[in-house]
Every structure is written in structure tokens, then in C-alpha cells.
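Welcome! Here is a friendly walk through a structure that may be new to you. Take a moment to look it over before reading on.

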Amino acid sequence: MLPYDPMRAYRHKRDTAHQAFNTKYAMLGFISSGTYGRVYKAKTRDAEERIYAIKKFKPDKEGEVVTYTGISQSAIREIALNREISHENIVALREVVLEDKSIYMVFEYAEHDFLQIIHHFSTTVRAMVPPSLLKSCIHQLLNGLVYLHTCHIQHRDLKPANILINSDGVVKIGDLGLARLTYSPLQPLYSGDKVVVTIWYRAPELLLGARHYTKAIDCWAVGCVMAELISLRPIFKGEEAKLDHKKNVPFQKDQVVKIFEVLGTPSVHEWPGLPQFPEYLNMKALDNYPPKLTEWCTTRFRSKDATDLLRQLFMYNPENRATAPEAFNHKWFSEDIKPTRNAFHGLPPNHCPPLRKITQDEASLAHHVPASNNNNPAYNNPNSKPASWKPASGQNFGSAFGVNTAVTMQVPAGNNSGGSRKKPRLE
Ligand SMILES: Nc1ncnc2c1ncn2[C@@H]1O[C@H](COP(=O)(O)OP(=O)(O)O)[C@@H](O)[C@H]1O
Ligand SMILES: [Mg+2]
């Protein structure tokens, strides 16, 4: 044996420096359960007691036995993309911990989200979202989206529950679990996941069966979110047609009709590519609807510029749809009420949404207990992940992050020096 074994010394240093997850963070309560895991509110067990949101991905489960077949595609995407990006309007990832077959993503905590704001104004305040709050929310959302698109990242699941806002009124785009890189992707963008984006926020080109879609689908979703903040209900609230027994994606007739009822039936004149879509004939079989967006807007608000922004985000032809930078620079944002950095600025106290609810779910708060399958109905269909989208197992964790398997990773990338690595446990 070598008198000095550098590997052994390294392992010793690494293992002594590793801090077990539950000695570093105390779980304060349970926030939400999604398709891939659970989100908790937690605080650091140091003097600072900083608050974080921790997303715990479920390990795979076969019967009652927890197996480990790899890391879900959703987790890989979310971690890989989040490590590379940093922007005020995107939820920051502080670190990722892999321990006992679970992945923990530690995010900055955001007290509110757009869904909660919509709920607060529709049920408690019982009034429209004030223009200053609306404008600031959309402006900051677009600012974050401009950044993502500049980084060649499509979010693909923008909806009120995934757009957070902290107690300083700063909007934070969250949930990059479905996001993808658009710049030289390793796989074509249509392969793997057949359906993206929750149905109510899904762009018409996807509903018509497009295989090559673009960042424009995120801009459509921003239009839907803006309309929902205005009317306090989803603008296109269709019923999702379920997959058939061969898992084929059916024509989403009801959703398409909901869009046509407001925007009118699209014409080949405005959208020359229309006849090429796989669902074109199904679409042609529908009744003809006149456009009614102006009416929809004038019965709800007066701003011509806001109407114009919505119209541009709801362009049928994705090539004519406002891009994120175009929408961000829209003249509505330079109208008299200017967007503020704090979206809650100047609001009367009763207009500020309540603090995020957390519950004490003892089983799930206990460390190392696998998450159960019961989904929070508030995020359930059709607000949940599309049913046909499954996480792939057996992904190569190491190659996705350029690191060697099990790890406590400090983010941003390149900041994971020091002895915080943990022994690989991928058996
Ligand atoms: N950073 C955060 N701070 C506070 N709450 C959060 C945070 N991230 C997520 N949440 C809450 O948890 C919910 C689910 O998180 P999300 O990242 O969207 O995961 P899922 O893939 O399950 O949809 C969100 O809708 C939000 O209510
Ligand atoms: Mg989500």
C-alpha cells in the first residue's frame, strides 16, 4: 500500500466536509405536490435561518420497494438549465443535493405566485387586478422570458402556477421542468415529448399538430396569462381530450373551439402554413367563428395599447406573433402607468395577496420518507404536466452536468469547489 494514498485522503476530506441534508435544512412545511415531486418550505439550520423552497424529486418506486433507475428527464433539465442561468426574474437555484436516492433542489423562496394573485382578486378582493400590478407582472414576466429566449431556452410550461412573485413584488419564472434548449439540441425538438404546455395555455400551432415549434409558444402562453390576470379566469378554458389506448394525442377540438370563439377562425390569408398542419382537416370541419378579441377587451378594460399587446401575442401565425423582446418593448409599458420593479408598489394592504399556505404533512416532512403519489388538486389536470409526458429513467447524471455522479452541487456552475461532494450512491 502507498504510504500516502491521495484518493483516500481526498475521500476522507470529502466525507468529513459533507453535511447531511437534514443537518443543513429544517423543513418548515409542505407547499405543493406535482407530477415529479414535492415542494417544501425550509430554513437553514444556521444563525441566519434563511428561507428556501426545496423541491424533492420522487425516487422511482416498484411496488413498495424504492428503486433507483436514474434521474428523471424533468429533474435533469431543470437542474442543467438552472445551473447555467441567472436573472432577477428567474427563480434562482441555490444548490442541488443528491442523498439517499432523492434529489433536492434548493431554490430561493417566493411568497406568492400568479395563480394565488388571481385567486385573491377573484375571491377576496372581488375586483380586477389594478393596472399597475397587472402591468408590472407582465413586464417582469417578459423581462425573464427575454432572458430565457436569449439563452435559447424555451420554457414550454408558462402558466400562472409556474410564475412566482416574491414579497418584494419581484416576478420569478419557475418550473423549468419542461424547458428545452433550442440552440443545436441533441435531439430534434419534437422527439420524446409529444405534448408540451398545459392545454389552456397551449399555442394553436401545437393544437394543430405542429412538430416544429418555436419560442413563439411561450409568447402565446404570456398572452393567456395576461388575459387571465385581466379577467381572473382562463381565457381559453378547454376540456382536454384524453389520449387513446395507443397513447396517440387526439385532436383537442374543445380547446381549439375555445380559442376560435374569441379570436375567430384563422384564415389561410393570415396564416399561409395552415393547410400543412396534420389537424387542418379536423379544424376545417368546425364551424366558422368571427373574431371577437376587441369585444373581449373593451368589455374588460379601456387601454387600447393593452388590447394591441394581447392581439400581437395572440397572432395565429407564429411568425407574426410578438417575440418576447417585441412584447417587452411594447408601447403599453410606456403609457402613463409605468411598470414598477415592485409589482405591489402603492397597493392598499388588502390588495396584497396573503402569505403562501404551508401544511404540516408529517409523513412527507420526515426525512428520507419517499413522497407519496397524491397530487394536490389545485395543480391537477389540466394544470398538471401533460399525461403523455413521462420522465425517462436511466439518464446519465454525470454527463448531464459534467460532474461525476452523486453530489452536493453549489450553483451557479463553477461554484462547486470545496469539500461538499458526497460519495456516489448510485448502486
Ligand atoms: N421557489 C419557490 N418558492 C415558493 N413556492 C414555490 C417555489 N417553487 C415552487 N413553488 C410552489 O410549488 C408549486 C410546484 O412547483 P413547480 O416548480 O411548479 O413544480 P411542478 O413540476 O410540481 O409543477 C408551484 O406552483 C408553487 O406554488
Ligand atoms: Mg409547476
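## Reading the model

Helices (H or I, at least four residues) and strands (E, at least two) are DSSP runs, numbered from the N terminus. Residues are numbered from 1 along each chain as its sequence is written, while chains are lettered from A and ligands numbered from 1 in the order in which they are written. This is a predicted model, in which local features need pLDDT of at least 70 and side-chain atom pairs count only at pLDDT 80 or more, whereas totals for chains, interfaces and linings use all residues.

The score called pLDDT is the predictor's confidence in each residue, from 0 to 100. Its average over the chain is 81, and 77% of the residues score at least 70. Residues 188-192 have a pLDDT below 50, and this stretch has 7 contacts in the model beyond near neighbours in sequence. Residues 368-427 also have a pLDDT below 50, with 113 contacts beyond near neighbours in sequence. Here, two residues are in contact if their C-beta atoms, placed from the backbone, lie within 7 Å.

## The chain as a whole

The chain holds 14 helices and 13 strands. Of its 427 residues, 37% count as buried. A residue is buried if 20 or more other C-beta atoms lie within 10 Å of its own, exposed if 12 or fewer, and partly exposed in between, with C-beta atoms placed from the backbone.

How much of the contacts with a separation of 6 or more comes from residues 24 or more positions apart? Such pairs account for 68% of those contacts.

Strands of a sheet pair through backbone hydrogen bonds, either parallel or antiparallel. In this report, two strands pair if DSSP finds at least two bridges between them. Strand 1 (residues 25-33) and strand 2 (residues 37-44) run antiparallel and are joined by 7 bridges. They form a hairpin with 3 residues between them.

The hairpin of strand 2 and strand 3 has 6 residues between the strands, and in it Glu-49 takes a positive phi near 45°.

## Around ligand 1

Which residues are the closest to ligand 1? They are Ser-32, Gly-34, Val-39, Ala-53 and Asp-175, out of 20 residues that surround ligand 1. A residue is near a molecule or strand if its C-beta atom, placed from the backbone, lies within 6 Å of it. Strand 1, strand 3 and strand 7 (102-108) each supply at least two residues of this shell.

By type, the shell has 10 nonpolar, 6 polar and 4 charged residues. Ala, Val, Leu, Ile, Met, Phe, Trp, Tyr, Cys and Pro count as nonpolar, Asp, Glu, Lys and Arg as charged, and the others, Gly among them, as polar. Ligand 1 lies between domain 1 (11-110 + 357-404) and domain 2 (112-334), because both give residues to the shell around it. The domain bounds come from an automatic or database domain assignment.

An open sheet of 3 strands has the order 8-10-11, with antiparallel pairing. Its edge strands are strand 8 (112-113) and strand 11 (171-173), each of which pairs on one side only. Strand 8 and strand 10 (residues 163-165) pair over 2 bridges, and His-112 stands opposite Ile-165 in strand 10.

His-120 sits in helix 4 (residues 114-125). It counts as partly exposed because it has 19 C-beta neighbours inside 10 Å. Leaving aside neighbours within four places in sequence, His-120 is in contact with Val-125, Pro-353 and Pro-354. The C-alpha atoms of His-120 and His-351 are separated by 8.1 Å, although the two are 231 residues apart along the chain.

## Two loop residues to look up

Most residues other than glycine have a negative phi, and most peptide bonds are trans. Arg-126 is not a glycine, yet has a positive phi of about 50°. It lies in the loop between helix 4 and helix 5 (131-150). With 9 C-beta neighbours inside 10 Å, Arg-126 counts as exposed.

Leu-232, also not a glycine, has a positive phi of about 65°. Its place is in the loop between helix 7 (216-231) and helix 8 (253-263). Is Leu-232 exposed or partly exposed? Leu-232 counts as partly exposed, because it has 19 C-beta neighbours inside 10 Å.
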